[in-house]
Amino acid sequence: MSYNLLKGKKGIIFGALDEKSIAWRTALRCYEEGAQLVLTNAPVAMRMGEINKLAEAVNAPVIPADVTNMDDLKKLFEGAMAHFGGKIDFVLHSVAMGMNVRKGKHYTDLDYNFSQKTLDISSLSLHRVLKTAWDLDALNEWGSVAALTYIAAQRVFPDYNEMADAKALLESVARSFGYHYGVRKKVRVNTVSQSPVKTTAGGGVKGFDGFMMYAEKMSPLGNATQEDCANYLVSLFSDLTKMVTMQNLFHDGGFSFTGVTQEVIEQMEK
């Protein structure tokens, strides 16, 4: 069902890889709510995924951009503004890559060159996106930027590896840049700490299926799906949340504030 919450708004969606991804579902929901879109991803991810299929569904151009390359990001924002004929109202940052996770390196035995690449792609990329928009004055007043994160930034999940560090930095960037962007342009910047969902990226984490089942039992409402997250992001891009900024917003069915559930207790007592 559409409520026209984003009618007349224009946005950039980073990171839509395939139908499993939150960014993909968010693009569809934003389009249903009346938004005009530009899609982007790294060239290598575009070759691996199906972004052109999504582009056709939401009537959006695809502008490739490596989030570690300032020139690419400048071309992306300039291309988006040319396409829209004006400034941008919202941005979704859905970009992450854990190099040590991919290479099977344990957290106590990190390859620091891999770690630097992880932080560069997964965290500092948000700073680059925001700086590019800042330098180009690309975002409208009361614009909205949201980045996807995970509760491992606050709590230990051993197999999440260096991505926990990356998410902690990502959340810090959102707060710090969010302050300056709020003062300058009333632009709001938030992170959304989402339930574990079975995406192409998430599936690469060791023990992911077992943890998804655990999170389901620990969450009073159950795990939030990709579609649930897309709906939440629509609300953050809309004018209904104009005074929400610099927040890490838990969207996890209550997992983040639950100590234990009866279902978990019963499972442990079997």
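This report describes selected features of a predicted model.

## Basis of the model

The model is predicted, and local features need pLDDT of at least 70, while side-chain atom pairs count only at pLDDT 80 or more and totals for chains, interfaces and linings use all residues. Residues are numbered from 1 along each chain as its sequence is written, and side-chain values use heavy atoms, with hydrogens and water left out.

## Pocket and cavity

Rolling a probe the size of a water molecule over the atoms shows where empty space is left. On a 1 Å grid over the protein atoms alone, a cavity is a set of points where a 1.4 Å probe fits but cannot get out, whereas a pocket is an open set with protein on both sides within 12 Å along at least five of seven lines; lining residues have an atom within 4 Å of a point. Grid points are joined across faces, edges and corners, and a volume is the space filled by probe spheres set on the points.

The second largest pocket holds about 370 Å³ of space. It is lined by 19 residues, of which Y107, F157, P158, D159 and N161 are the closest to its centre. Helices α5 (99-102) and α8 (163-185) are the elements that give two or more residues to this lining; helices (H or I, at least four residues) and strands (E, at least two) are DSSP runs, numbered from the N terminus. By class, eight lining residues are nonpolar, six polar and five charged, where Ala, Val, Leu, Ile, Met, Phe, Trp, Tyr, Cys and Pro count as nonpolar, Asp, Glu, Lys and Arg as charged, and the others, Gly among them, as polar.

There is one cavity of 30 Å³ or more. The largest cavity has about 50 Å³ of space, and its lining includes Y150, I151, S193, D252 and F255. This lining divides into five nonpolar residues, five polar and one charged.

## Packing of α6 and α7

Helix α6 (residues 112-122) packs against helix α7 (residues 124-136) at an angle of about 35°, with the axes 4 Å apart. Axes are lines fitted to C-alpha atoms, for helices over the stretch in contact, and angles run from 0 to 180 degrees between N-to-C directions. In this packing, L119, D120, I121 and S122 of α6 meet L124, S125 and R128 of α7, contact meaning heavy atoms within 4.5 Å. The contact has three nonpolar, two polar and two charged residues.

## Buried positions and cysteines

G11 belongs to strand β1 (residues 10-14) and is buried, with a relative accessible area of 0%. Buried means under 20% relative accessible area, exposed over 50%, and partly exposed in between (1.4 Å probe, protein chains only). Leaving aside residues up to four places away in sequence, G11 touches Q36, L37, V38, F84, I88 and F90.

In helix α1 (residues 22-32), the buried residues include I22, W24 and C30. The structure holds zero disulfides, a disulfide being a pair of cysteine sulfur atoms within 2.5 Å. The sulfur of C30 has its closest cysteine sulfur in C229, 11 Å away, which is too far for a bond. C30 is buried at 0% relative accessibility, and C229 is likewise buried at 0%.

## Positive phi values

Most residues other than glycine have a negative phi. D137 has a positive phi near 50°; this residue is found in the loop between α7 and β4 (139-149) and is partly exposed at 27% relative accessibility. W142, in strand β4, has a positive phi of about 65° and is partly exposed at 28%. Glycine G34, which follows α1, also has a positive phi, near 100°.
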